[in-house]
Amino acid sequence: MTEEVLVRITGIQRPEQQPEQNEEPISVVTSGRFYTENGHRYVTYEEIYDEAELSAINTVRITPEILEVKKDGAVNVQMVFQENRKTVSIYGTPFGEIEMGIATTRYGFHETENLIRLDVCYALEMNGEHAADCELHMEIYAKGSQFSL
């Protein structure tokens with residue numbers, strides 16, 4: 001994998017209050033930096049929040065069993081996704097803090113020379129209440145490898 005990468009993130013949320021609502025995935029493509037340290041794979045990239053022109057630096061730690069996403073900036077949180085495990089963290093925003101629970105039901109990891117693909121299904125809780133069933137798909141492409149939108 002090259003140091004310079006393209007990161008495609010697609011997320012789907014199925015809110016508890018509107019289960020019949022049509023699913024519209026949210027997809028983002030951005031550039032990032034890939035490196036390895038102590039046997040773990042890392043990707044860093046900047047996430048920009050349109051509504052307030054704020055941003056956060058995301059650091060993603062990847063292993064075949066665990067995905068960890070740490071956001072520092074306008075939003076502060078450390079989210080851990082591990083199959084059949086629930087984690088709780090504090091989601092800090094400019095408007096206050098929210099207790100966030102993540103109960104991961106499926107974690108898929110696939111790696112080739114030029115691509116890392118992660119597929120995660122999880123239940124999201126906000127302040128102890130089920131908020132949505134979610135999917136997260138992340139693809140990390142080596143610079144110069146085949147990438148299509």
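The side chain of arginine 41 makes a polar contact of 3.0 Å with the side chain of glutamate 111, a polar contact being a pair of N or O atoms within 3.5 Å in which, within protein, one atom must be able to donate a hydrogen and the other to accept it, with residues adjacent in sequence counted only if both atoms are side-chain atoms. The model is a predicted one, in which local features need pLDDT of at least 70 and side-chain atom pairs count only at pLDDT 80 or more, while totals for chains, interfaces and linings use all residues. Residues are numbered from 1 along each chain as its sequence is written, and side-chain values use heavy atoms, with hydrogens and water left out. Arginine 41 lies in strand 3, where strands (E, at least two residues) are DSSP runs numbered from the N terminus. With a relative accessible area of 16%, arginine 41 is buried; here buried means under 20% relative accessible area, exposed over 50%, and partly exposed in between, with a 1.4 Å probe and protein chains only. When neighbours within four places in sequence are left aside, the residues in contact with arginine 41 include Tyr35, Arg61, Phe109, Glu111 and Ile116, contact being defined as heavy atoms within 4.5 Å.

A second polar contact between side chains, of 2.4 Å, joins lysine 71 and glutamate 47. Lysine 71 is placed in strand 5 and, at 10% relative accessibility, counts as buried. Its contacts, with neighbours within four places in sequence left aside, are Glu47, Tyr49, Ile57, Asn58, Asn76, Val77 and Met79.

Lysine 71 and glutamate 47 also belong to the lining of the largest pocket, where they are among the residues nearest its centre, together with Ile9, Gln13 and Tyr122. The lining comprises 35 residues, and the elements that give two or more residues to it are strand 1 (4–15), strand 2 (26–37), strand 3 (40–49), strand 5 (66–73), strand 6 (77–82), strand 8 (96–111), strand 9 (115–126) and strand 10 (129–142). Of these elements, strand 10 gives the most, with six residues. The space in this pocket amounts to about 1000 Å³. On a 1 Å grid over the protein atoms alone, a pocket is an open set of points where a 1.4 Å probe fits, with protein on both sides within 12 Å along at least five of seven lines, and lining residues have an atom within 4 Å of a point; the volume is the space filled by probe spheres set on the points, which are joined across faces, edges and corners. By residue class, the lining divides into 22 nonpolar, six polar and seven charged residues, with Ala, Val, Leu, Ile, Met, Phe, Trp, Tyr, Cys and Pro counted as nonpolar, Asp, Glu, Lys and Arg as charged, and the others, Gly among them, as polar.

A search of the whole structure finds two aromatic pairs, a pair being formed by rings of Phe, Tyr and Trp (its six-membered ring) with centres within 6.5 Å, and planes under 30 degrees apart counting as stacked, over 60 as edge-to-face and the rest as tilted. The rings of tyrosine 35 and tyrosine 42 have centres 5.1 Å apart and planes at 5°, so this pair is stacked. Tyrosine 35 is partly exposed, with a relative accessible area of 23%, whereas tyrosine 42 is buried at 14%. The rings of phenylalanine 81 and tyrosine 122 have centres 5.0 Å apart and planes at 65°, so this pair is edge-to-face. Phenylalanine 81 lies in strand 6 and tyrosine 122 in strand 9, so the pair ties together parts that are 41 residues apart in sequence; both residues are buried.

Two valines were also examined. Valine 75 is located in the loop between strand 5 and strand 6 and is buried, with a relative accessible area of 7%; beyond residues up to four places away in sequence, valine 75 touches Tyr49, Ala56, Tyr91 and Gly92. Valine 77, in strand 6, is buried with a relative accessible area of 5%, and its contacts, on the basis of the same exclusion of residues up to four places away, include Val69, Lys71, Tyr91 and Met100.

Backbone geometry draws attention to two asparagines. Most residues other than glycine have a negative phi. Asparagine 84, in the loop between strand 6 and strand 7 (85–93), has a positive phi near 60° and counts as exposed at 67% relative accessibility. Asparagine 127, in the loop between strand 9 and strand 10, has a positive phi of about 50° and is exposed, with a relative accessible area of 52%.

Terms used
Helix = DSSP H or I, 4+ residues; strand = E, 2+ residues; numbered from the N terminus.
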